[in-house]
Each structure stands twice: as C-alpha cells, then as structure tokens.
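User: Hi! Could you walk me through this model? I'd like to start with the ligands and then look at some helices.

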Amino acid sequence: MEICREIGKGKKYHIRTYGCQMNERDSETLAGILADLGYTRTASVEEADLILFNTCCVRETAERKIYGRLNELRPLKKKRPDLLIGVGGCMAQKDKERVLTKAPHVDFVFGTHNIQELPELISKAAALSEPLVQVWEEGQVPLVDLPAQREGKLKAYVTITYGCTNFCTYCIVPYVRGKERSRPPQDIIQEVTELAQEGYKEVTLLGQNVNTYGRDLGKGVSFAQLLREVNQVEGIQRIRYTTSHPRDFTAEIIAAVRDCDKVCEHFHLPIQAGSNRILQRMNRGYTREEYLQLVERIREEVPDCSITTDIIVGFPGEEEEDFAATLDIVRQVRFDNAFTFVFSPRSGTPAAKMKEQVPEDVKKERLNRLMELQDRISRDINEELRGKELEVLVEGTSKKEEKILTSRTRTNKLVLFPGEEDLMGELVTVRITRPQTWNLYGELVKIE
Ligand code: SAH
Ligand code: SF4
Ligand code: F3S
C-alpha cells in the first residue's frame with residue numbers, strides 16, 4: 001500500500017505513555033515518526049486527530065488504568081468518527097485483538113516490535129472501516145535508525161539493549177519485549193556523541209538488565225567496557241544506567257563506575273525480596289547473602305553512593321517470616337529509596353499459576369509496613385545531608401512554586417532551591433538546608 005508521507009500535514013497528535021523508561025523512549029520514536037509525517041503535537045485530546053496510547057502491562061493496576069482511560073475516549077470518537085485511536089506498547093503486544101474487545105472504538109493496535117510500521121498503520125486505519133491489529137511476534141534490533149523527538153534538551157535516554165531473557169517468574173516483560181538484544185557499541189557511542197554535540201548533558205543507558213549488555217554480540221564487549229567508552233565522549237557530564245540485575249553486577253562493572261568520572265554514584269539494584277526461599281521461587285539467581293556482599297563491595301569502592309531498589313511483597317508462598325526477611329534486609333542495607341509493589345499475577349507467567357497466592361489484604365498490610373519502614377530510612381539518610389554541599393545539575397523549574405529550580409545530585413536525589421532560570425543545564429553547588437523524605441531543599445552556593 002502506498003503511504004502518503006504527508007498524511008499528518010495540518011493534523012495534530014497526542015501520545016499517552018505508561019510504564020517504564022523503555023516506553024518513554026519508544027514514545028519519543030513514535031513522536032519522531034509522526035513529526036516526519038507532518039503531524040504536530042497537542043496536549044489536548046479534544047484537539048487531536050490522532051491519539052496514541054503507549055501501554056504497559058507489568059501490573060494489573062497499570063492495565064486497568066489504561067483501559068479506563070481508553071474508555072473515556074468513547075464519546076469523543078463518537079462525535080468525531082475520523083479521529084484515529086491507536087494502541088501500542090506492551091499491553092497491546094500481550095492483548096492483541098483483545099484490546100478491541102475491551103475498547104471497540106480503537107482503530108489500530110500495534111506491538112513493541114513494529115513501531116516502525118506506524119506510517120503504514122495510520123494510512124491503512126484511515127482508509128479502512130474495520131479496526132486493524134498488526135502485532136509482530138519477533139523482535140530484531142531495528143536496522144534502520146528511526147527518528148526521535150526527545151522529551152528534554154538536557155537529559156536523554158539511550159537504549160543499549162532491547163528485551164529481556166531473565167524470566168523472573170513473576171514478570172511479563174520477556175513475553176512482550178522479546179529476548180535480550182544488544183545494540184552494537186559503535187551505534188551507541190555515535191548516538192551519545194551526537195547528543196553531546198546537540199548540547200545534552202546527561203545520558204541514561206537503558207535496558208531491562210544492562211549488566212548483561214553485549215553477551216549476545218559475542219565479541220567480548222561488556223557493559224563495563226561500554227561505560228568506559230561512553231565516559232570518553234566529550235561534552236556529556238553525567239552518565240546513568242538502568243536497570244541493573246544484582247546477579248550480573250560484576251566486580252568489573254563496579255570498577256568501571258569507580259573509575260569513570262562521569263558515571264554517577266547511584267546504584268539501582270532491584271532486590272525484589274529478602275528471603276532466599278522467595279528469591280529462588282522468583283528465579284532471581286542470587287541469595288540475600290550475595291546481595292549484601294555486593295552492597296558491601298559497592299560501598300567500599302564507591303563511597304557516598306546511593307542505593308535504591310525495587311521490592312515485591314506478597315509473592316506466592318510468602319509467609320510472615322519471609323516478609324520479615326525482606327524488612328530485615330531493608331534495615332541492613334538502608335536503601336536511599338525503594339519502589340515497592342504488591343505482587344500482581346500476570347497470566348502466562350509461572351508465578352501466576354503457583355498455588356499459594358497471598359490474600360489481597362495481607363499483601364496490602366505488608367506493603368504498608370514496608371513503606372513505613374522505608375520512609376523512615378529515607379528520611380534519616382536525607383537528614384544526614386543537612387548542611388552538606390552537593391553538586392547538582394539544574395534540570396527545570398518547580399511546577400508548584402515560583403522561582404524554584406529543580407535539580408539532581410549525582411546520587412539522583414531531587415534538590416529544590418531558589419534561583420533564576422538561566423541556570424538551567426548548569427552544574428552548580430547547593431547547600432542542603434531542609435531535607436525531606438522524598439526530596440531536599442537547598443540554597444545556591446556557587447556556580448561552577
Ligand atoms: N528489568 C527491570 C524492571 C522490571 S519492571 C528489573 O529487572 O528490575 C519494574 C519492577 O516492577 C520490577 O523490578 C518489579 O519489582 C516490579 N514487577 C514486575 N513484575 C511484577 C508483578 N507481576 N507484580 C508486581 N510487581 C512487579
Ligand atoms: Fe522482568 Fe526479571 Fe527481566 Fe527485570 S530482569 S524485566 S524483572 S524478567
Ligand atoms: Fe511496562 Fe513494558 Fe516497561 S510492561 S514496565 S512498559 S517494558
């Protein structure tokens with residue numbers, strides 16, 4: 001079918017993104033493709049000629065929210081039948097035709113592996129009276145460089161691996177994102193170099209498990225080597241990466257973080273659970289003892305670093321004593337911050353079929369206890385920063401308070417302080433005056 005390359009001329013699009021940074025990055029690609037077709041962006045759904053949902057299915061709550069939001073568009077679609085609604089991303093990859101059962105006013109559904117087909121999908125959907133479902137089962141590293149319209153001018157996401165082959169027993173991601181595929185190192189370096197030339201100050205290297213980067217390339221390229229190479233790119237001031245897997249965080253990687261001046265002293269190391277029995281049932285591949293050892297080694301090599309984590313409560317078979325082991329390891333490690341989740345059975349994953357499901361009220365109650373403990377620890381750790389001077393990158397302005405800038409420490413803590421907008425993009429030193437649980441208030445000390 002002939003695709004009109006100007007199909008979006010004079011038209012507006014609106015994208016809603018759910019889920020993790022991979023999806024945020026994919027939405028930048030969707031936006032890039034649409035800009036190439038002549039579309040301009042709008043923040044309002046009422047004004048849009050095309051509405052895209054880039055979806056997540058990691059937990060049931062995410063899906064419920066998305067279908068709820070899709071349903072809210074029914075009256076709009078009825079009023080303006082030529083409005084196009086497209087659903088892509090992980091939930092679309094999983095549900096395929098089922099998206100149309102739940103939301104029949106959707107015009108087209110596409111998956112995580114065929115983003116590049118968007119122009120064709122829009123053309124077809126506009127011409128057809130029936131909804132269209134086009135979801136590829138297999139993923140390849142996109143061979144063509146797809147355009148991107150990035151969200152910021154300062155910080156950029158750079159994908160280094162697609163997919164995941166870890167198959168943690170609770171997780172849907174490997175089923176909807178395909179097996180792990182690494183991008184060639186030269187492509188990554190080239191992208192980072194271009195970003196630096198465009199004025200970007202910070203890059204975040206993205207993958208579901210960045211630590212195993214390069215394994216599938218079979219050329220002896222490792223994540224540690226990649227970090228060292230990215231560190232050489234002139235103009236970039238900060239390098240972050242997410243997500244790490246504690247099982248694959250080697251001594252070589254710790255040394256690279258220690259040696260590379262641009263790589264930030266922040267370790268996001270999802271532990272998921274503190275009980276060895278549960279960790280094993282989750283197929284995580286490490287024990288609590290190994291995790292503690294890793295934390296110890298990291299703190300020895302990279303002092304004053306921050307460590308954050310993800311934790312799931314109520315995994316099938318989790319007894320009170322298993323949960324107590326989670327609380328205990330949280331106390332031992334003293335995480336700077338933790339993202340805590342209630343286990344959500346994802347159909348098709350092994351954990352969803354396990355018999356010993358934990359009742360909802362028990363899960364909720366455990367989550368509350370865990371959050372309470374973690375909040376106290378976060379507050380205590382931040383309190384220790386009172387009066388300290390820290391280097392921050394000024395990233396934006398506060399939405400709630402006037403003349404207040406937002407910035408981040410190398411350890412990824414949010415610092416708010418009074419200042420002028422022309423400091424945007426600068427590295428400055430601030431003194432912490434008022435630490436809180438989630439962020440820090442400070443004052444400007446010096447501009448570097
Ligand atoms: N690849 C990353 C992120 C995966 S999704 C990693 O391995 O850490 C982000 C977080 O969602 C996970 O770390 C996990 O804590 C949580 N999560 C994943 N599946 C879940 C499920 N079925 N129920 C509840 N939380 C889940
Ligand atoms: Fe999911 Fe585990 Fe892969 Fe993370 S490492 S995406 S939790 S399967
Ligand atoms: Fe969600 Fe897909 Fe990310 S399931 S967490 S958007 S990889």
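Analyst: Happy to. First, a term: a residue is near a molecule if one of its heavy atoms lies within 4 Å of it. This is a predicted model, where local features need pLDDT of at least 70 and side-chain atom pairs count only at pLDDT 80 or more, while totals for chains, interfaces and linings use all residues. Residues are numbered from 1 along each chain as its sequence is written, chains are lettered from A and ligands numbered from 1 in the order written, and side-chain values use heavy atoms, leaving out hydrogens and water.

User: Great. How many residues surround ligand 1, and which are the closest?

Analyst: There are 15 around ligand 1, and the closest are R59, Q208, Q272, D310 and S344.

User: What does D310 do there, in terms of distance to an oxygen atom of ligand 1?

Analyst: A polar side-chain atom of D310 sits 2.7 Å from an oxygen atom of ligand 1. With S344, a polar backbone atom is 2.8 Å from a nitrogen atom of ligand 1.

User: And which residues are around ligand 2?

Analyst: Around ligand 2 you'll find C164, N166, F167, C168, Y170, C171, V173, P174, Q208 and R284. By class, this shell has seven nonpolar, two polar and one charged. Here Ala, Val, Leu, Ile, Met, Phe, Trp, Tyr, Cys and Pro count as nonpolar, Asp, Glu, Lys and Arg as charged, and the others, Gly among them, as polar.

User: What surrounds ligand 3?

Analyst: G19, C20, N23, C56, C57, V58, C90, R177 and Q208 surround ligand 3. They split into five nonpolar, three polar and one charged.

User: Switching to helices: at what angle do α9 and α10 pack?

Analyst: About 10 degrees, with the axes of α9 (residues 223-230) and α10 (residues 251-259) 8 Å apart. Helices here are DSSP runs (H or I, at least four residues), numbered from the N terminus. Axes are lines fitted to C-alpha atoms over the stretch in contact, and angles run from 0 to 180 degrees between N-to-C directions.

User: Why call α9 and α10 roughly parallel?

Analyst: Because angles under 35 degrees count as roughly parallel, α9 and α10 are roughly parallel to each other.

User: Which residues of α9 and α10 make the contact?

Analyst: With contact meaning heavy atoms within 4.5 Å, α9 uses F223, A224, Q225, L227 and R228, and α10 uses E252, I253, A255, A256, V257 and D259.

Conventions:
Helices (H or I, at least four residues) and strands (E, at least two) are DSSP runs, numbered from the N terminus. Angles under 35 degrees count as roughly parallel, over 145 as roughly antiparallel, 65 to 115 as roughly perpendicular and the rest as oblique. A polar contact is a pair of N or O atoms within 3.5 Å; within protein, one must be able to donate a hydrogen and the other to accept it, and residues adjacent in sequence count only if both atoms are side-chain atoms.
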